[in-house]
Amino acid sequence: MGEMEDDTFYRKDKYSYSDQSTSYLHVQSLRDFPTEKLSGEVVLVRLDSSLICGKLGPCSSSLERALLTIKYLCKARAKVVIATSWDTVQSDNRVIESVGSFAEYLSSLLHVQVIPVDGEPGLTSFKQEEWAQNSIILFENLVNFRGEVANCKDFSQKLASGATIFVNDSFSLSHKILASTVGITCFCYASLGGFHFEEELMQLIKITDTTRRPYIAIIGGSNFLRKAPALQMLTSLCDGLFFVGKLSFQIMNGLGMTVPSRFIERSAVKEVLQIIQVARDRNIPIYYPTDLWCLKNDGSETLGVISSTGQLAGWTPVDIGPSTLEKISSIIPSYEKILWIGPTNYNLTETFSVGGTQLGEIMEKASSDSCDVVLVGSAACKAIERKTDSSSQYAEFQNATVVWEFLKGRILPGIAALDKCYPYRIPWSTVFFEPTLPLVVDIGSGNGLFLFQMAKSCESSNFLGLEMNEKLVIRCLQGMTSDEKRNLYFVSTNATSTFRSIVSSYPGRLTLVTIQCPNPDFNKEQNRWRMVRRMLVEAVVDLLHTNGQVYLQSDVESVLLVMKEQFLSYSKGQLVIDGVSGHQIDNPFGVVSDWERHVLARGAPMYRTMLKKV
């Protein structure tokens with residue numbers, strides 16, 4: 001996370017202009033998780049087996065990152081469990097057929113003993129004495145269990161049994177809702193992205209980054225209607241579009257050219273015209289093939305090059321032709337960034353892929369000329385010759401579905417399920433007049449009444465409100481007058497998972513954390529304490545200064561009791577009750593929250609406790 005310029009911070013946070021549809025992409029990574037908290041914990045890693053034995057063979061850089069995730073956990077003295085799924089595939093002339101043979105293969109890659117566990121995944125039936133020091137457990141192939149694809153709650157719970165931390169390193173499954181990527185997160189106190197997952201997510205976000213311009217997308221494949229939302233996104237982002245494959249016929253038809261009826265998607269005509277209109281409004285060029293390699297339909301397997309606007313009767317298009325490739329080669333030097341997504345051929349097979357191969361050579365030259373190149377899909381990735389000295393020049397996504405779903409603006413469940421971090425480093429010197437004063441944080445600050453009063457009555461401290469409801473935060477920020485001492489600020493965030501990433505950069509001491517009536521769902525009181533989880537408690541305790549305090553209150557005694565027990569339990573002796581042990585102590589601040597005032601006005605009691613770090 002980089003330090004933001006002042007104006008950028010206020011635009012994105014103070015006035016809440018940040019894109020809420022992509023805020024879920026800022027996940028908590030293994031890299032930023034405290035290493036000391038991994039020691040002795042059972043960590044379940046969701047491994048992407050396609051990195052080891054995919055159709056394109058082992059993917060070296062991605063595989064190295066995935067293996068690094070496991071090695072990093074082992075070095076941190078975590079107890080590692082691997083869950084994955086694989087087909088019967090060939091890798092280095094070895095057939096991976098069983099959990100035993102896969103475990104043996106993983107052992108050779110990790111140089112650590114990998115113990116296979118047959119049967120339904122889970123540690124309940126595993127004998128702990130068999131878990132040798134520095135060894136790793138591999139569960140049975142998840143393909144064999146219906147509960148995986150169904151995201152079955154019971155299966156997810158069994159899968160997570162015994163594990164406290166989940167690390168997802170299977171980015172290629174982000175578009176799916178699986179027990180091993182989504183359901184399992186409900187049963188682990190921390191859900192993180194592994195090193196491979198983190199890198200892939202960063203590259204995915206960069207696809208929509210238009211910092212380097214001009215930016216062109218070369219778009220292939222078929223099914224225009226299904227991809228229309230993604231194509232609309234690319235039309236609004238890019239400075240040029242080059243359609244190939246069956247998609248190009250739809251564009252050509254929309255531009256008024258003669259296209260054989262058998263190649264036209266009648267159901268997509270409206271969407272095609274919309275994209276053409278947006279491109280015209282933005283004054284960006286749309287390119288299409290000028291010629292095609294075609295196969296004669298007489299069974300002779302005769303190939304010929306025919307103009308894309310010529311007579312195609314009796315011929316079947318198979319790939320883009322030499323003139324089209326020359327056109328692409330001539331315009332590519334004008335662009336600083338290239339996205340190639342989808343195959344160039346028309347029958348979507350690899351029996352004839354001259355166009356794709358030659359386009360790969362064009363991409364390789366563009367990359368060597370310092371152009372950013374993003375390859376999406378197996379056709380694009382395979383077209384690039386892998387060289388040791390050039391493999392890092394491309395961002396590659398072998399699974400195109402994840403990228404298409406992302407470009408459609410859809411939430412990717414495998415990403416959304418992970419814990420979140422705050423995406424920006426707050427410029428404290430801008431937010432507060434004196435950024436080194438003691439800090440008070442109110443988690444779930446609501447309408448801010450409590451903090452507004454506290455900030456006025458105690459100018460020797462800074463006050464920070466963390467609240468999920470963005471509308472309330474905007475209201476609070478707008479209510480801060482310019483003549484105030486600037487010792488008060490509000491941030492829209494889910495503090496349960498982002499508290500550490502926000503507060504850890506504060507230059508002063510954290511002296512007080514308050515949680516007052518969390519998640520007030522008035523009809524379902526039992527839901528109120530869900531905010532307080534182990535991850536939040538550990539973050540508060542780690543960052544709280546010695547003798548710092550945690551103030552908890554609720555109008556429901558059972559809610560307060562659960563919160564108190566969680567803080568005392570997860571603090572591992574670092575927090576003790578400060579003062580009397582009862583739950584009806586007086587308000588120590590002389591300042592009440594809005595809900596507290598409402599409860600007291602109707603004559604009902606408030607339940608409170610104060611904890612102190614020792």
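Student: In what order do the six strands of the open sheet lie?
Tutor: This is a predicted model. The six strands of the open sheet pair in parallel. At its edges are β5 (114-117) and β8 (190-193), each pairing on one side only. The twist from one strand to the next averages 25 degrees. Read across, the order is β5-β6-β2-β1-β7-β8.

Student: Which residue in β2 is the bridge partner of Arg 46?
Tutor: Strand β1 covers residues 42-47 and strand β2 residues 79-83. The two run parallel and are joined by five bridges. In β2, the partner of Arg 46 is Ala 83.

Student: What angle does the direction of helix α3 make with that of β7?
Tutor: Helix α3 (residues 60-75) packs on the sheet. The strands it touches are β1, β2, β6 (136-139) and β7 (165-169). With the direction of β7, that of α3 makes an angle of about 160 degrees.

Student: What share of the residues in the chain is buried?
Tutor: The chain has 22 helices and 24 strands. Buried here means under 20% relative accessible area. Of the 614 residues in the chain, the buried share is 54%.

Student: Among contacts between residues at least 6 apart in sequence, what percentage join residues at least 24 apart?
Tutor: A contact requires heavy atoms within 4.5 Å. Counting contacts in the chain between residues at least 6 apart, the share joining residues at least 24 apart is 75%.

Student: How much of the accessible surface belongs to carbon and sulfur atoms?
Tutor: The accessible surface of the chain comes to about 26,900 Å². The part belonging to carbon and sulfur atoms is 49%.

How values were computed. Residues are numbered from 1 along each chain as its sequence is written. This is a predicted model: local features need pLDDT of at least 70, side-chain atom pairs count only at pLDDT 80 or more; totals for chains, interfaces and linings use all residues. Side-chain values use heavy atoms; hydrogens and water are left out. Two strands pair if DSSP finds at least two bridges between them. Helices (H or I, at least four residues) and strands (E, at least two) are DSSP runs, numbered from the N terminus. Axes are lines fitted to C-alpha atoms, for helices over the stretch in contact, and angles run from 0 to 180 degrees between N-to-C directions. Buried means under 20% relative accessible area, exposed over 50%, partly exposed in between (1.4 Å probe, protein chains only). Accessible areas come from the Shrake-Rupley method with a 1.4 Å probe; for residues, only the protein chains shown count as cover.
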